[in-house]
Amino acid sequence: MKVEETYVLVEYAFEYTSKDGQVITIKPNERYILLRRTNDHWWHVRKSKNSRPFYIPVSSVFTVLQSVGSLLSNC
């Protein structure tokens, strides 16, 4: 089975404080896994499969990249 992930690449630096008080900082050329296109202004992303998700402003995204990986089934 193949799974497709979408990545966003940051063009512009941005920093904000989330509702829970966490400071979120993104920098140019960082890549994030896109979880959901929440609305026209913010997308839900995470740095890696095991990291905490957060929101990224769409205006800071340079491009969206597709990556196809394989999942191995249990033998």
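Visitor: Is F14 buried, partly exposed or exposed, and what is its relative accessible area?

Guide: Relative accessible area is read against two limits, under 20% for buried and over 50% for exposed. In this predicted model, F14 has a relative accessible area of 31%, so F14 is partly exposed. Y16, by contrast, comes to 19% and therefore counts as buried.

Visitor: How many aromatic pairs does the structure hold, and how are the rings of F14 and Y16 set against each other?

Guide: A pair is described by the distance between ring centres and the angle between ring planes, with planes over 60 degrees apart counting as edge-to-face and those under 30 as stacked. The structure holds 4 aromatic pairs, and one of them joins F14 and Y16, with 5.9 Å from centre to centre and 50° between the planes, which is a tilted arrangement. The rings of Y32 and F54 have their planes at 90° and their centres 5.4 Å apart, so this pair is edge-to-face. The pair also links distant parts of the chain, since Y32 belongs to strand β4 and F54 to strand β6, 22 residues apart. Y32, at a relative accessible area of 4%, is buried, and F54, at 13%, is buried as well. Beyond pairs, F14, Y16 and W42 form one aromatic cluster.

Visitor: Which charged residues lie over aromatic rings, and over which rings?

Guide: Here one looks for a charged end placed over the face of a ring. The charged end of K47 sits over the ring of Y32, 5.0 Å from its centre, while R37 lies over the face of W43, at 5.0 Å from the ring centre.

Visitor: Which residues make up the largest nonpolar core, and which elements give two or more residues to it?

Guide: A core of this kind is read as a set of buried nonpolar residues joined through their side chains. The largest has 12 residues, among them Y16, Y32, L34, W43 and F54. Two or more residues come from each of β1 (2-10), β3 (23-26), β4 (31-36), β5 (42-46) and β6 (54-57).

Visitor: Where is Q66 found, and what is Q66 in contact with, leaving aside its neighbours within four places in sequence?

Guide: Q66 is found in strand β7, which covers residues 61-70, and with a relative accessible area of 48% it counts as partly exposed. With those neighbours set aside, Q66 is in contact with E4, E5 and T6, and a polar contact of 3.2 Å joins the side chains of Q66 and T6. From Q66 to L34 the separation is 32 residues in sequence and 10.0 Å in space, C-alpha to C-alpha.

How values were computed: Residues are numbered from 1 along each chain as its sequence is written. This is a predicted model: local features need pLDDT of at least 70, side-chain atom pairs count only at pLDDT 80 or more; totals for chains, interfaces and linings use all residues. Side-chain values use heavy atoms; hydrogens and water are left out. A nonpolar core is a set of buried Ala, Val, Leu, Ile, Met, Phe, Trp, Tyr and Cys residues joined through side-chain atoms within 4.5 Å. Buried means under 20% relative accessible area, exposed over 50%, partly exposed in between (1.4 Å probe, protein chains only). Helices (H or I, at least four residues) and strands (E, at least two) are DSSP runs, numbered from the N terminus. Contact means heavy atoms within 4.5 Å. A polar contact is a pair of N or O atoms within 3.5 Å; within protein, one must be able to donate a hydrogen and the other to accept it, and residues adjacent in sequence count only if both atoms are side-chain atoms. Rings of Phe, Tyr and Trp (its six-membered ring) pair if their centres lie within 6.5 Å; planes under 30 degrees apart count as stacked, over 60 as edge-to-face and the rest as tilted. A charge sits over a ring if NZ of Lys or CZ of Arg is within 6 Å of the ring centre and within 35 degrees of the ring normal.
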